[in-house]
Amino acid sequence: MVETKKSFCRFCHAFCAIEVDIEDNKVVEIRGDKSDPIYGGYTCIKGRHLPEQHNHADRLRSSLKRMPDGSFKPISSEQALDEIAEKLRGIIDEHGPRAVASYNGTYAFCNGVTLSVSRAWHAGIKSPSYYTSVTIDQPAKAIAASRHGTWMGGGQNFETADVAMLIGNNPVVSMFGGIPPFNPWKRLRDAQQRGLKLIVIDPRESDVAKRADLYLQVKPGEDPTLLAGIIRVMFHEGLVDGDFLAGNAAHVEELQKAVDNFSLDYVEERTGVPAVLVERAARMFAEAQRGVASSGTGANMSPHPNLTEHFVNTLNTLCGRYLREGEVVPNPGVVSPERPFMAQANPPNPAWGKGEPSRVRGLGEVFGEMPTAALSDEIITPGEGRVRALISVGGNPVGAWPDQLKTIEAMKHLDLNVSIDIKMSQTAKMADYVIAPKLSLERPDLTVLTDSWYPEPYAHYTPAMVEAEDDVIEEWEFFWGIAHRLGSELNLPGGPLPMDKKPTTDQVLDVVAAKSRIPLDQIREADGGAIFSGEVVRVDAKTPGTDVRLDVAPADLVEEIGEIRAQPIVSGAGYLPGEDFSHRLISRRMREFYNSSGRDISGLTARDGGTNPAFMNSRDGAEFGIEDGEIIEIESSRATILGVAAFSDDVPSGVISMAHSWGDVPEKDQDVRSIGGSTNRLVNNEEAYDPITGMARQSAIPVNIRPAKKPVSSG
Ligand SMILES: Nc1nc2c(c(=O)[nH]1)N[C@H]1C(S)=C(S)[C@@H](COP(=O)(O)OP(=O)(O)OC[C@H]3O[C@@H](n4cnc5c(=O)[nH]c(N)nc54)[C@H](O)[C@@H]3O)O[C@H]1N2
Ligand SMILES: Nc1nc2c(c(=O)[nH]1)N[C@H]1C(S)=C(S)[C@@H](COP(=O)(O)OP(=O)(O)OC[C@H]3O[C@@H](n4cnc5c(=O)[nH]c(N)nc54)[C@H](O)[C@@H]3O)O[C@H]1N2
Ligand code: SF4
Ligand SMILES: [Mo]
């Protein structure tokens, strides 16, 4: 008999509300839950393939241990934890706790409890080596916010905006940034119908760019110049919100001065965006009543991400895009603790330069975690404090970290390499132990990650839909099991976890949500997702006598703006001198996959045959002697990879657009048609990296392209 229950999808971080059909303890079908007040029945192709993911033949049903001959043998999870704990104890005793690192990838985020527990685990063993995918994603967001300051009342939101500017993101596919990722197509359509103007800045005419009222086709990596140009127009034409700035911002004149030599001619020549469009963007954004500028990975993976993100903040500040005294806070949070909303700035408080230093490149802790872009070097570089044990939690270093060749070398330097993964990913294949986890529909969960993203106070608790039948454990159980064996504690922000007897996931959720604004039991009572209106919260007045200000022109950024302006422009391609390359390779997301997840699901690989196509303009094909569908070589200063050319005139000449986390180790390159190519092999993580976060150039990578020399099997 088929039974239907409500839950939410966790294939990606958008957490769409779904109905799950279950038969004999198996997930058989997924539909959007039409009754849900936020998602309204929306799902995407990935979510609809949750049954295939859960019941997949290659899914790990038990943990595995690498044998001396390199093969893997099943091992019970308890035995694996015993052995791993013993090895960790040895490493900690001999080399200290810093030698033990965890890397928490995307699937540590698509889960309400993992991150709190893994962080607490590090505190418990006193290891600062806590890494997440955030530091190879958009760390510039937190860096820039900490330097610029934030607005305690929160920003104006998309739902009430008359204008939205998206810089290097494509939220209708990625479900990230700019448009709330809860049925974003409908939200965008509704907003445009009520008059919202959409400005999109992207080198590629992306899905969302096709819907834009104004599309600026910037050259990859040239966002800082373009945004400086837009800001200059705002100053020149008196479009900034003088009253707001007078009361709440510092260094406005310094900002005006710093961007003053970004003339329209200069900006057009360097970015490829016609001057009239630069002016139009400035006016369209500034003249609207309410609006919001936001950015995504494209702009963040290209050079100068901290400056780009700072400009995003200044665009909002210059136009006063914040909630003012007396305005209703649309979503004061449900699962998050209560906090004050005030019409004043939280002053700048740089989130770097404190805590544990890296042993490489002068980097160090950023916002309380270590920078992942330097983790390979932390593993390889000899000396005291070297990282010797790595636990990858729902992440895939060999696919996702910048500089794949170095990552592979790092994996070989580890004394202990543990991967918690649902399948034999590129990284799991190099691990000593692979821990088989439960999948999303086998565990209870709560919308922790998305709590502040909802346009209304919404939350969703789900019980487990089916009972896992094999020896699979949750990620938090791994950390609890090791802590239990090592005798360390797990103190979460909401309180300690019991260490004598293993709690249930629901008990862990109770601790995670111990300070939630709405009690978790009330959220549990709802059948599915619900809006928890509670008391109306309004933005309070500024504290009398305070003069806290947002800093629109910190001195170090003024210097960076000057450095960019001092770079000469090469005419023609407009790229910088010294870059002897014909193209820039930019990153992108694909609808059917979530980074490397979904590559093994046949319903998702149907369109592209299981590769990450190298999207390029057909004119470049003609010029470089490349045919559509042909295998090409893509060469950077670091390495050469193979890719499958796919003509797409959304991509301009001089640009290749490719998704990351594909391919495998170099020995597998010939299978490019069925496994794709690794764009991170093209990245040199010691070249052009960000001095604060170590973020390497993961987009706008200078490359050459040509037809592949060697014959390649069709895979
Ligand atoms: N060049 C370039 N590099 C990039 C990017 C880019 O745009 N360009 N993007 C960066 C960004 S934004 C990110 S976030 C990182 C992504 O970095 P990662 O998170 O390290 O990479 P993924 O490929 O998403 O790896 C996720 C792994 O989790 C496994 N998995 C799937 N479901 C589950 C589950 O339920 N539990 C567990 N335990 N595991 C599961 C998958 O099989 C997969 O191996 O990559 C970064 N790297
Ligand atoms: N379907 C799907 N959804 C995903 C993921 C996935 O793999 N698949 N990954 C998830 C992850 S980990 C994250 S962090 C989010 C990211 O979410 P987004 O930031 O929205 O990521 P993308 O969809 O890659 O959009 C980035 C855009 O930036 C453009 N771009 C590239 N280089 C530049 C540049 O130099 N300047 C500018 N202005 N634009 C540039 C690209 O053409 C692309 O359209 O998506 C998440 N959602
Ligand atoms: S957007 Fe797709 S993958 Fe993401 S939560 Fe919704 S249905 Fe799942
Ligand atoms: Mo990401």
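## The second largest pocket

The lining of the second largest pocket divides by class into 18 nonpolar, 11 polar and 11 charged residues. In this predicted model, the volume of that pocket is about 660 Å³. Its lining comprises 40 residues, and those nearest the centre of the pocket are Pro303, His304, Ala688, Tyr689 and Arg697.

Several secondary-structure elements contribute to this lining. Helix H8 (223–236), helix H13 (297–301), helix H14 (305–318), helix H21 (555–566) and strand S32 (701–707) each provide at least two of the lining residues. H21 gives the largest share, with 5 residues. In terms of domains, at least three lining residues come from domain 3 (140–323) and at least three from domain 4 (582–707).

## Ligand 2

The shell around ligand 2 holds 34 residues, with Ser174, Asp202, Asp223, Phe593 and Asn595 the closest. By class, 10 of the shell residues are nonpolar, 16 are polar and 8 are charged. Helix H6 (171–174), H13 and strand S27 (583–587) each contribute at least two residues to this shell. H13 also supplies at least two residues of the lining of the second largest pocket. Domain 3 (140–323) and domain 4 (582–707) each give the shell around ligand 2 at least three residues, and each of these domains likewise gives at least three residues to the lining of the second largest pocket.

Polar contacts to ligand 2 involve both side chains and backbone. In the side chain of Ser174, an N or O atom is 2.6 Å from an oxygen atom of the ligand. For the side chain of Ser302, the corresponding distance from an N or O atom to an oxygen atom of ligand 2 is 2.8 Å. A polar backbone atom of Phe593 lies 2.5 Å from a nitrogen atom of ligand 2. On its own, ligand 2 has 910 Å² of accessible area, and the protein covers 98% of it.

## Ligand 1

Around ligand 1 there are 29 residues, of which Tyr103, Thr106, Asn396, Asp421 and Ser596 come nearest. This shell consists of 8 nonpolar, 16 polar and 5 charged residues. Domain 2 (63–137 + 366–437 + 472–503) and domain 4 (582–707) each contribute at least three residues to the shell. Domain 4 also provides at least three residues of the shell around ligand 2.

Asp421, one of the nearest residues, places a polar side-chain atom 2.6 Å from an oxygen atom of ligand 1. Ser661 has a polar side-chain atom 3.1 Å from an oxygen atom of the ligand. From the backbone, an N or O atom of Ala400 is 2.8 Å from a nitrogen atom of ligand 1. The protein covers 98% of the 930 Å² of accessible area that ligand 1 has on its own.

## Ligand 3

The residues surrounding ligand 3 are Cys9, Phe11, Cys12, Ala14, Phe15, Cys16, Thr43, Cys44, Lys46, Gly47 and Met175. This shell divides into 8 nonpolar, 2 polar and 1 charged.

Conventions:
Residues numbered from 1 in each chain as written. Chains lettered and ligands numbered in written order. Predicted model: local features only at pLDDT ≥ 70, side-chain atom pairs only at ≥ 80, totals over all residues. Heavy atoms only, no water. Near = heavy atom within 4 Å. Nonpolar A, V, L, I, M, F, W, Y, C, P; charged D, E, K, R; others polar. 1 Å grid on protein atoms, 1.4 Å probe; cavity = no way out; pocket = protein on both sides within 12 Å on 5 of 7 lines; lining within 4 Å. Points joined across faces, edges and corners; volume = space filled by probe spheres on them. Helix = DSSP H or I, 4+ residues; strand = E, 2+ residues; numbered from the N terminus. Domains from an automatic or database assignment. Polar contact = N/O pair within 3.5 Å; in protein donor to acceptor, adjacent residues only side chain to side chain. Areas by Shrake-Rupley, 256 points an atom, 1.4 Å probe, with all protein chains shown as cover.
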